[in-house]
Amino acid sequence: MSTADKPKHKLNPMLKLALDIGPLIVFFAVNARFGIFAATGVFMATIIAALAVSYVLTRHVAIMPVVTAIVVLVFGTLTLVLHDETFIKLKPTIIYTLFGLTLLGGWLLDKPLLAIVFDAMFHLTEEGWRKLTLRWAAFFLVMAVVNEAVWRTQTTDFWVSFKLFGFTPLTFLFAAAQYRLLMRYATDQPNPEAEAEREEVS
């Protein structure tokens, strides 16, 4: 059996949630006690730790956490080396814009990139993928604008709090709002192009 044919182990949903949100919680807690620069260093470490735990347990890491970790490390390093908190504040803008434009480009080229970004294991019709992709692309781009507005007009402590108590709930609420679309366009037949793209990056 080839690597591509091997079934992927799935994380327990609660553990996955902990790995996704844990670094943000740590970032918030350390910032409150020691400030943004200490929080940035710890955030970088916890992001890598979460990625490592995910890989050890599943022998697979989705593209979205990998890209996020790379951006965190680059902008986190710039923040610490230059002692300028602007870089870590730009990180969400870069990530949201990157994913938004990637999905929008895939939508324009009829490439089902959303399945790759989210490592999705569900199957949708071609129309379903296109509609869901366009919605998530728009959401990511709006979130990039929101991040710019928040960090440029509010204090650092407010921005850190908003990352945990603003962006995270908004993302969950938006994802939950897509349930009807997922049900409407669900299919038992996998989209061959989506599966091929996903296996190519596995």
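## Lysine 91

Lysine 91 lies in helix α4, helices being DSSP runs of H or I with at least four residues, numbered from the N terminus. Lysine 91 is buried without a salt bridge, and glutamate 148, the nearest side chain of opposite charge, is 12 Å away. Buried means under 20% relative accessible area, exposed over 50%, and partly exposed in between (1.4 Å probe, protein chains only). A salt bridge places a side-chain nitrogen of Lys or Arg within 4 Å of a carboxyl oxygen of Asp or Glu; Lys and Arg count as positive, Asp and Glu as negative, and His and the chain ends are not counted.

Neighbours within four places in sequence aside, lysine 91 is in contact (heavy atoms within 4.5 Å) with Phe43, Val71, Val72, Phe75 and Lys163.

## Basis of the model

The model is predicted: local features need pLDDT of at least 70, side-chain atom pairs count only at pLDDT 80 or more, and totals for chains, interfaces and linings use all residues. Residues are numbered from 1 along each chain as its sequence is written, and side-chain values use heavy atoms, leaving out hydrogens and water.

Beyond its neighbours within four places in sequence, phenylalanine 99 contacts Met64, Val67, Thr68, Val117 and Phe140.

## Valine 53

Valine 53 belongs to helix α2 and counts as partly exposed because its relative accessibility is 35%.

Definitions and conventions:
Helices (H or I, at least four residues) and strands (E, at least two) are DSSP runs, numbered from the N terminus.
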